[in-house]
Amino acid sequence: MGNLASERIGTTVEALPYPKRLTGRLRRLRKQVSWFQVTLIVFLTGIGLFMLLPIIFLFNNAFKPLNELFLFPPTIWVKAPTMRNFERLFLHSAAGVVPFTRYLFNSVIVVALTLVSVILASTMAGYVLAKHRFHFKTLVMSLIMISLMFAPETVSIPRYIIVSGLGMTNTYFAHILPFIASPVAVFLMKQFIDQVPDALIEAAKLDGAGDMFIFTRIIIPLIAPAVATISIITFQAVYLDIEGSSLYTQKETMKTLAYYVSSLTANLQNSVAGQSIAAACALLMFIPNLVMFLLFQRKMIQTMLHSGVK
Amino acid sequence: MRPAPGEPAAPRALRRLRQFFRECWRDRMSYLFLAPFMLAFSCFILIPVFMAALLSVTSFNGFAFPKFIGVNNFIALLTQDIIFMKYTLPNTFKFAIIVGPGGYILSFIFAWLIHQLPKGLRDYFTLALYAPSMAGGVALSVIWIAAFSGDRVGYLNNILLKFGMIESPQLWLQDPKYLMTIMIVVTLWSSMGVGFLAMLGGLQTVNTELYEAGRIDGIKNRLQEVYYITVPSMKPQMLFSAVMAIVGTLKAGSISTQLTGLQITPGYSGHLMTNHIDDYAFLRYEWGYASAVSVVLLLISFLIMRFCYRLFAVKEGE
């Protein structure tokens, strides 16, 4: 890759004096990576560390005992890690009217059901939009394209009116259904299914396969990367969402973990006692997202190969 | 189907209509597959947008039936809403102009740099840059409130005090002078999201033979390579990530609330469009007026998007 340019950069860098040991090691590395890449790795490592610094802080903070949280001068690395913050989080909520586990349960239910239904709905819609021809296809596609352009949160008032009009307040439906209308998911799915060769589907049709067969036996096995991507995007949106809990539900027992946690961290600026709980909460909200992404990172990039808008 | 001889021919329009319905029935499987998404889509996106448009010409407090008042809401927005004109609009523009294109260009630069690395290393850097965008509101407030805390225990205050840049601890988050800058920094930090990944994907789709060809045609350095080959080849992904960037920028607004813990930021210094909508909708219960503001926001995002499509549209034959 880019031999000409990298070699030119390489010559300029080589002229600089380096400690002997370092040049030796770099020369060995040189066989695999060019000078341009070495400079780049150093630079990007710096940037990466800078970007990760707050995240590292987040991890450490959650395990800091209370006296370390308010240490002067402030530190990043934890000295005496403790699980006390998590204990406090669970105890704090156990004393409340609604136990912590209830919020956790709500979140798990909502996230699981939403993931399943979003994946189903968007795969089905994506398949039809990519491979079928019917009257309203262009209309539906352009509606999806337009709705990609704005955040649905901007119309939260009419949404609230509709949710309450459908009688969904204080039910799990209020948490789940709004997410099924995810134009991004359908769009990504459609783009991904577009690259499934038509010949494959034609062949199946000649053998007498119906739509259901084609969908379940041909399309579904081929779109694993897109499903992974959509799961990540949806998971992030649902798990961190507080709109559903703050607008559509009044009952405390129907609210999700994200809402509970955000109510704990509200006014963090002035509270001293809340700091330790908040630190634990923040980590709790971050970890599942991280795990999801780590699991599916490659698949996500693979999906994005086909994410273009034409 | 041709009418049987002797039978009077049905009017053309009717025949067309019948044909249309027959075709619709033939495609019933397609519609069935589309139904779950379309139902949710119409309920939670399509109809709300129309309702927002309808409500924007009414006076509605959430209890009494909406009263039609014509375009008064928009007139009031343009002529009487001092806060909107003096704070919301300039703030939104400032925020959007820096964060939108800024975050977009940054994600392209980083995506491109990461792409230059050997394959085995790419994943680590992707993770490092993508991680901040996974931190939701809670993590954001915990991290940044600690960093910008107003006493000398705050990280930024501590560093600046140590180097003698400031005399006494600054109230970073409560001071209207700094809040906007902090919001921009924090948003940029977390802006390497889906758009960034789309660009990474897009870079992999660029046909590497084009670089060879470009070199023969006289491309001298990498900057020219990027400008003449890379960007044009990944226009579709660039457009998608532009769409994501704009949506992300225009809906940012909760960030000020998360940082300051206040619905209305000190001196309206971090007041964005979405804060204005929330203010009128959920603090003042003037839903008609709030809808008018959200209609304006929708229009703005639509116009910006048209502009982006012009910019990145794939021309015929490309």
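Biologist: What does buried mean here, and what do exposed and partly exposed mean?

Modeller: Buried means under 20% relative accessible area, exposed means over 50%, and partly exposed lies in between (1.4 Å probe, protein chains only). Take B:Glu225: its relative accessible area is 11%, so B:Glu225 is buried. Before we go on, some ground rules. This is a predicted model, in which local features need pLDDT of at least 70, side-chain atom pairs count only at pLDDT 80 or more, and totals for chains, interfaces and linings use all residues. Residues are numbered from 1 along each chain as its sequence is written, chains are lettered from A and ligands numbered from 1 in the order in which they are written, and side-chain values use heavy atoms, with hydrogens and water left out.

Biologist: How do I read a salt bridge, and how many salt bridges does a search of the whole structure find?

Modeller: Side chains of opposite charge can pair when their charged atoms come close. The cut-off is a side-chain nitrogen of Lys or Arg within 4 Å of a carboxyl oxygen of Asp or Glu. Over all chains, the search finds nine.

Biologist: Which residue forms a salt bridge with A:Lys131?

Modeller: A:Asp198 does, with the closest N and O atoms 2.9 Å apart. A:Lys131 sits in helix 6 (residues 100-131) of chain A and A:Asp198 in helix 11 (residues 198-206) of chain A, so the pair ties together parts that are 67 residues apart in sequence. Helices here are DSSP runs (H or I, at least four residues), numbered from the N terminus. A:Lys131 is buried at 15% relative accessible area, while A:Asp198 is partly exposed at 48%.

Biologist: Where do A:Lys190 and A:Asp194 lie?

Modeller: Both are in helix 10 (residues 183-194) of chain A, four residues apart, about one turn of the helix. A:Lys190 is buried at 14% relative accessibility. A:Asp194 is partly exposed at 32%.

Biologist: Back to B:Glu225. What is its salt bridge with B:Arg215 like?

Modeller: The closest N and O atoms are 3.4 Å apart. B:Arg215 belongs to helix 10 (residues 209-216) of chain B and B:Glu225 to helix 11 (residues 222-233) of chain B, so the pair ties together parts that are 10 residues apart in sequence. Shared partners join B:Glu212, B:Arg215 and B:Glu225 into one salt-bridge network. B:Arg215 is partly exposed, at 22% relative accessible area.

Biologist: How do I read a nonpolar core, and how many residues has the largest?

Modeller: A nonpolar core is a set of buried Ala, Val, Leu, Ile, Met, Phe, Trp, Tyr and Cys residues joined through side-chain atoms within 4.5 Å. The largest has 184 residues; among those with the most contacts inside it are A:Ile219, B:Trp144 and B:Phe240. Helix 16 (residues 274-304) of chain A gives the most to this core, with 14 residues. Domain 1 (2-82) and domain 2 (90-309) of chain A both contribute, so the core lies between them. Those bounds come from an automatic or database domain assignment.

Biologist: Which residues does B:Ile255 contact?

Modeller: Contact means heavy atoms within 4.5 Å. Leaving aside neighbours within four places in sequence, B:Ile255 contacts B:Leu140, B:Met183, B:Val186 and B:Thr187. B:Ile255 and B:Met183 are 72 residues apart in sequence, yet 6.9 Å apart in space, C-alpha to C-alpha. B:Ile255 lies in helix 13 (residues 254-260) of chain B and is buried at 8% relative accessible area.

Conventions:
Helix = DSSP H or I, 4+ residues; strand = E, 2+ residues; numbered from the N terminus.
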